[in-house]
Amino acid sequence: MNYCLYCHQFYSETWSWSALFGLKAEPLLCQSCTAKLELIRGDICRICGRPFSLFPEQYRQGDSCYDCIRWEEDEEWAGLLQQNRSLYVYNDFLKKVIAKMKYRGDAELIKAFYPLSRSKFKSITQNSLLVPIPLSKERQYERGFNQAEIFAKSLTGNVQPLLKRVTHEEKQSKKTRKDRMAKKNNPFIVIDEDGVKNKSILLIDDVYTTGSTLRYAAKVMKDAGADQVSSVTLAR
Amino acid sequence: MRFVSYFLNDRLIIAPEILVENPDLKPVPFGELPDIELRSLNYSFKYSEKLQQILYGKMLLLDELQFPLKTIQEHYENGFVMYNPGVKKAKYGWQCNRCGNVNDHLFASFSCFRCKSESCVYCRNCIMMGRVSVCMPLLSWTGPDMKDKSNHNLMWQGELSARQQIASDRFVEQVGKSGELLIWAVCGAGKTEVLFHGIEKALKMGFRVCIATPRTDVILELAPRLKEAFPNTIIASYYGGSEERETPAQLVLSTTHQLYRFKQAFNLMIVDEVDAFPYSYDKTLQHAVSTASNPDALRIYLSATPSRTMKKEVIQNKLPCVKIPIRFHGFPLPEPKMVWSGEWKKRLERGKLPPAFLRWIKSQAVSGRRAMIFVPSVSIIEKVTELIRGHVEVIVDFVHAEDSLRKEKVARFRQGDIMLLITTTILERGVTVPFLDVAILGADHEVFSENALVQMAGRAGRSKDDYNGQVLFFHYGKSLSMLSAIKHIRDMNKEAGF
Ligand SMILES: [Zn+2]
Ligand SMILES: [Zn+2]
Ligand SMILES: [Zn+2]
Ligand SMILES: [Zn+2]
């Protein structure tokens, strides 16, 4: 007997994850909501972790996608972000779930992803310092919480809020790709440079969309002496 | 958010922490403040009329008000605004003061940046309207009432049928008294016109009137008609995504969900389709209806298919009721015909349509008339559509609840572009199209209740130029619901004198 965390429908526990993923945890979403989520599996882009099955052949080259190749061809950005891995495809349903969580403020929803993300990212998170992508102060007050921080804390490992956002998000999202790729006006600064030096950093965010937010964060981390920077997001 | 509290002239006063510069006062989350009293009204205070217009009769979060915190605080200190708890401890667990939710599983907590609490409890039931938590007060207006200076003459010139007139008179007679009245009007009775005179009387008495309905499409259809009938009255619509929320309206159209925003705002509350999802089974929505109306408000319920509970109350004389058993065009309701179609489920599984249904669909396709074909579940909807397409030349399509093209497809059906529309019970109400027949494939299935069948049958024969549409129940054994639905329709026709 359970209520689905997203649609609030009552459902029986007759189905379980163990059959699907060999997981012992109790599912928090009903079967119908779970079915609308698309796990990322199969061949993925070596860098950004997007599944190859979802986009046309001509947008990939070898084991990378075209977007990543563009980033890597730019000497300012090349090699900054070692790799990104995500749990789910950012499809219409997940967009709705994340919007309800972020914009309506239903923080509880993120719990639905805990069991799977914990097991899938176990090996990546083990030897890294987890740094959530921060919100600006205004945005965090408005929302009441930072979903990336909650997500980071749910993963096992050492979480340190070492980044600070100094530019308000809106200004950032209005920029074109060209603007975004220019490295001046980086919205982030590192709070504690010593805490970053020679560390292996794992950035945590809810969604990887263009990849520029994570690369900006990776940039300041590297400048502060981080050994290498990767990232994990819920959706890609 | 956090507040400080202190004594001023022997009375406790509270203020948001950011407005007070006194390091001796310790800020606490709103929910941890001692009980606060309403301040006495300072008549010399120059209050904001804009704030009065927006907040009067409502319960809103600070985030919903585009006013500086300082302005709100001044209104509170002078007795014009009150900070009410949003979520508070109940006897067992928690209670949401906006939607009335007390279900444990619909509360959660989070580490809150606003009040710095590690577990700030919030309500998940009404989250779609913005988060109400223990630390966020709901604001209400406690200053003077708004003066209504407009003239609310009804400009509608149409005529009512004899039975519409009877219902309208009953309604008018009740305005000014409290209590309840059920208007039981068959599908196509013309219930909107029945409301006009009662609403006019209420508006002229200075009442605030609300029409609440479970469906946004009803609001979109009703708003222009009411604006035409009452051109001098300010009318506002409230539904997810509407933009008229700040209008100080005398007449409000609202989805039942949006009612959560109001508090003792209405003297006349009209609840449309009182039996329909989600009002009928969601206790918190019933709470919303009572919270939104004044304790002595008159409540009018509209329904073509009242629930069993309501009908029982009518029989026991607990609920006053007036019936409109006849359609506005004066013709009887089409009676459903039962057509035995064997094991329709098994045939569908084998990729075949039942022969009786197949014969009908072929003749329907060449008749030039549209048809709505209801099926019991979404899972077979595409299959049935495909099978039908294999037998007819006209355009066949399907629509279900989560169809992203739902609006578009219904519009194309209205225009006569789509001729045969396969659907589930989601379209049992609201779609009115002339020259339409109705078929229910698998009418004996348990999802089809008496009321659902009556509503589906009610789609046919709606216009006076086509009053005798066909209604067919394709079944594999008559169900009780089918028989009750047919009896329901016959009884109504009998009552109308046919
Ligand atoms: Zn669900
Ligand atoms: Zn890539
Ligand atoms: Zn609530
Ligand atoms: Zn809080």
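Tutor: Four donors count as tetrahedral if all angles lie between 85 and 135 degrees. Keep that in mind for this predicted model.

Student: OK, which residues coordinate the zinc ion (ligand 1)?

Tutor: Cys4(A), Cys7(A), Cys30(A) and Cys33(A), each through SG. The distances are 2.2 to 2.4 Å.

Student: And what arrangement do the four donor atoms make?

Tutor: Tetrahedral, because their angles around the zinc ion (ligand 1) are 105 to 115 degrees.

Student: How are the donor residues spaced in sequence?

Tutor: The pattern is C-x2-C-x22-C-x2-C. Cys4(A) sits in the loop between strand S1 and strand S2 of chain A, and Cys30(A) in the loop between helix H1 and helix H2, so the pair ties together parts 26 residues apart in sequence.

Student: Is Cys4(A) buried or exposed?

Tutor: Buried, at 1% relative accessible area. Cys30(A) is buried as well, at 7%.

Student: New topic. How many salt bridges over all chains?

Tutor: The count is 33. One of them joins Asp206(A) and Lys102(A), with N to O at 2.9 Å.

Student: Where do Asp206(A) and Lys102(A) lie?

Tutor: Asp206(A) is in strand S10 of chain A and Lys102(A) in helix H4 of chain A. They are 104 residues apart. Asp206(A) is buried at 5% relative accessibility, and Lys102(A) at 12%.

Student: What about chain B? Which residue does Lys204(B) meet in a salt bridge?

Tutor: Glu200(B), at 3.4 Å from N to O. Both lie in helix H4 of chain B, four residues apart, about one turn of the helix.

Student: Which residues are linked in a network of salt bridges?

Tutor: Arg215(B), Asp217(B), Glu273(B), Asp275(B), Glu428(B) and Arg429(B).

Definitions and conventions:
Residues numbered from 1 in each chain as written. Chains lettered and ligands numbered in written order. Predicted model: local features only at pLDDT ≥ 70, side-chain atom pairs only at ≥ 80, totals over all residues. Heavy atoms only, no water. Donors = N, O, S within 2.8 Å, 3.2 Å for Na, K, Ca; no water. Tetrahedral: all angles 85-135°; square planar, octahedral: opposite > 155°, others 65-115°. Helix = DSSP H or I, 4+ residues; strand = E, 2+ residues; numbered from the N terminus. Buried < 20%, exposed > 50% of the residue type's maximum accessible area, 1.4 Å probe, protein only. Salt bridge = Lys/Arg side-chain N within 4 Å of Asp/Glu carboxyl O.
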